[in-house]
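Here are my notes for your review. Please read them with the model open beside you.

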Amino acid sequence: MAFGFPAYHEEKIDLGIPQNEIISFLEPIIGSLSWSIIEYTENHMLVMSNPSLLAWEPEKIRITILPSGSIHVRSECAIFTQCFDWGKNKKNVHKLLSAINGIL
């Protein structure tokens with residue numbers, strides 16, 4: 001768990017997939033996690049972990065697509081003043097990694 005405002009966890013994940021195919025690879029995975037894609041470009045995705053309006057503490061997951069075929073994933077609390085996440089952001093990153101490994 002990193003300490004900062006907002007609380008976050010980040011990791012680099014090597015996919016070994018061509019850069020132009022990563023978005024289409026990730027879209028069904030994110031859907032299977034019941035996360036919501038807020039926006040995306042050819043090298044960036046912004047996802048909410050709990051898209052429901054009733055969610056207590058949603059997290060934003062930023063996925064940056066690197067030229068090497070890797071992704072940089074950063075999960076952070078949506079509430080800027082929250083400096084502790086009790087491991088939720090790390091769980092988000094590892095949940096995404098597990099889902100990716102289940103397909104690869």
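1. Accessible areas here come from the Shrake-Rupley method with a 1.4 Å probe. On that basis, the protein chain has an accessible surface of about 5,900 Å². Carbon and sulfur atoms hold 58% of that surface. Keep in mind that this is a predicted model.

2. Overall make-up. The protein chain has 104 residues, and 40% of them are buried. There are two helices and five strands. Along the sequence they follow the pattern β-α-β-β-β-β-α.

3. Contact range. Take the contacts in the protein chain with a separation of 6 or more: residues 24 or more positions apart account for 51% of them.

4. What is the strand order? The five strands form an open sheet in the order 1-5-4-3-2, and the pairing is antiparallel. Strand 1 (8-14) and strand 2 (36-41) are the edge strands, each pairing on one side only. From one strand to the next, the twist averages 15°. As background, strands of a sheet pair through backbone hydrogen bonds, either parallel or antiparallel.

5. Strand 1 against strand 5. How many bridges join strand 1 to strand 5? Seven do, and the two strands run antiparallel. Strand 5 covers residues 70-77. Within this pairing, Tyr-8 has Glu-76 in strand 5 as its bridge partner.

6. The ring of Tyr-8. Tyr-8 is also worth checking for its side chain. The charged end of Arg-74 sits over the Tyr-8 ring, 3.9 Å from the ring centre. Aromatic pairs are another matter: a search of the whole structure finds zero.

7. Helix 1 on the sheet. Helix 1 spans residues 22-32. It lies across strand 2, strand 3 (44-48), strand 4 (59-65) and strand 5. Its direction is at about 5° to strand 3.

8. Met-45. This residue is found in strand 3. Is Met-45 buried or exposed? Met-45 counts as buried because its relative accessible area is 0%, and the cut-off for buried is under 20%.

9. Surroundings of Met-45. Neighbours within four places in sequence are left aside here. The contacts of Met-45 then include Ile-23, Leu-26, Glu-27 and Ile-30. Also among them are Ile-37, Glu-39 and Tyr-40. Ile-61, Arg-62 and Ile-63 are in contact with Met-45 too.

10. One distance to verify. Met-45 and Val-73 are 28 residues apart along the chain. Their C-alpha atoms are separated by 9.5 Å.

Notes: Residues numbered from 1 in each chain as written. Predicted model: local features only at pLDDT ≥ 70, side-chain atom pairs only at ≥ 80, totals over all residues. Heavy atoms only, no water. Helix = DSSP H or I, 4+ residues; strand = E, 2+ residues; numbered from the N terminus. Buried < 20%, exposed > 50% of the residue type's maximum accessible area, 1.4 Å probe, protein only. Contact = heavy atoms within 4.5 Å. Phe/Tyr/Trp six-rings, centres within 6.5 Å; stacked < 30°, edge-to-face > 60°. Lys NZ or Arg CZ within 6 Å of the ring centre and 35° of its normal. Pairing = 2+ DSSP bridges. Axes fitted to C-alpha atoms, helices over the stretch in contact; angles between N-to-C directions.
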